[in-house]
Amino acid sequence: MGLKVLPPGSPPAIWTAFARQAAWREWVIAALIALNALTIVAAVRVARKDPDVVLIAPDGKSSYVARSTGNDALLRFLAEQKQQPSDVAVVHFTREFLQLALAINSSTIEGAWRDALALMGSQLRERFSTAAAGEKLLETYKLARVRTMLSVDSIELVDHTNSLLHVRAVVTRKQGSLLAENAPSEDDRLSVELVERVVPRSSARPDGLEVVEMRITPIAAASGAALPSGTQP
C-alpha cells in the first residue's frame, strides 16, 4: 500500500485539530491572565479604600457610620484623628521624658541629657542646651557623684488642641550618694508642667510628640511663684 502524498499546505486533519486546540488554549490563558490582573487591581483598590468607622460616645454607646455617608466635616475630623497620639502614647512619652530629664545620675547624665534634649522642640532644646553649657551642668553633676530615683506619681492631661497638649505631672525624687547606696537621701516632690506638640511619627518621634515648654515647681512651694521657664533640674 503506497502512501498518499498531500499537496503542499494541506496538513492532515489531526494536525489541524491540534492547531485549533493550541490556539484555543492560548486564548484561555490570555483570558485568565487578564482576569487575574483585574482581580489584583480590584484588591488594591479595596485595600486602599478607607474603612467604615464606629463612633463611640462618652457614655460608651457606639454608632456605626459608613464612610460613604459621612460628610466633609466628619471625614476631616477622622483624618485629623489619625494623627492624634493615644492616651497610652502621651503617658509613655511623658514618663520617658521625665525619667531622662529629672532622674539624674552622675554616671549616666551625659547620655540621658542628650536623649532628653532629643525629645524637645528645636527652640526649647537650644535654650536648655545654652543654659546647661553656661552653668556647666554636666560637669557639676558628674563631680557630685549623685544617684536619683524618680517615681512618677501622676500624669494628667489638662488641656489640648489638635496640635498642642498641656500635661501636668507630679514626681517624687530621692537623691543620694552614688558611692554609698545606704546613705541618707534627700526627697522632694515636683509639679512639672509640659507643653507637648503633636508631630509626624518617625523613628525619632515614635509617639508623635515633642516637648516645647517645661516648667518645674516644688510642691512645698506651690503657693509661691513658679520657677522661671527653662529652669534646670
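**Entry 1: the largest pocket**

I began with the largest pocket, which has a lining of 11 residues; Gln-84, Pro-85, Leu-157, His-160 and Leu-165 are the ones nearest its centre. I looked up which elements give two or more residues to that lining, and they are H3 and strand E3 (146–160). The space in this pocket comes to about 160 Å³. I then sorted the lining by class and got 4 nonpolar, 6 polar and 1 charged residues.

**Entry 2: confidence**

I note here that this is a predicted model. The mean pLDDT for the protein is 74, and 56% of the residues reach at least 70.

I marked two stretches with pLDDT under 50. One is residues 2–6, where the model has 2 contacts beyond four places in sequence. The other is residues 221–230, where I found 15 contacts beyond four places in sequence. Where pLDDT is low, the predicted coordinates should not be read in detail. I therefore leave the contacts of low-pLDDT stretches without detailed reading.

**Entry 3: the cavity**

Empty space left between atoms is shown by rolling a probe the size of a water molecule over them. How many cavities of 30 Å³ or more does the structure hold? I found 1. The largest cavity has about 50 Å³ of space.

I listed its lining as Leu-100, Ala-101, Ala-103, Ile-104, Asn-105, Thr-108, Ile-109, Ala-112 and Trp-113. Helix H3 (87–102) and helix H4 (109–118) each give at least two residues to it. H4 gives the most, with 3 residues. By class I have 7 nonpolar and 2 polar residues in this lining, and no charged ones.

**Entry 4: H4 against H6**

I followed H4 to helix H6 (residues 137–144). Their axes come within 10 Å and cross at roughly 145 degrees. I have the crossing down as right-handed. On the H4 side the contact is made by Ile-109, Glu-110 and Trp-113, and on the H6 side by Leu-137, Leu-138, Tyr-141 and Lys-142. I sorted this contact by class as well: 5 nonpolar and 2 charged residues, with no polar ones. Ile-109 and Trp-113 had already turned up in the lining of the largest cavity.

**Entry 5: Lys-136**

Lys-136 is not a glycine, yet I find a positive phi of about 50 degrees for it. Most residues other than glycine have a negative phi, so I wrote this one down. Where is Lys-136 placed? I located Lys-136 in the loop between helix H5 (122–134) and H6.

Note on methods:
Residues numbered from 1 in each chain as written. Predicted model: local features only at pLDDT ≥ 70, side-chain atom pairs only at ≥ 80, totals over all residues. Heavy atoms only, no water. pLDDT = per-residue confidence, 0-100. Contact = heavy atoms within 4.5 Å. 1 Å grid on protein atoms, 1.4 Å probe; cavity = no way out; pocket = protein on both sides within 12 Å on 5 of 7 lines; lining within 4 Å. Points joined across faces, edges and corners; volume = space filled by probe spheres on them. Helix = DSSP H or I, 4+ residues; strand = E, 2+ residues; numbered from the N terminus. Nonpolar A, V, L, I, M, F, W, Y, C, P; charged D, E, K, R; others polar. Axes fitted to C-alpha atoms, helices over the stretch in contact; angles between N-to-C directions. Left-handed = near helix turned anticlockwise from the far one by under 90°.
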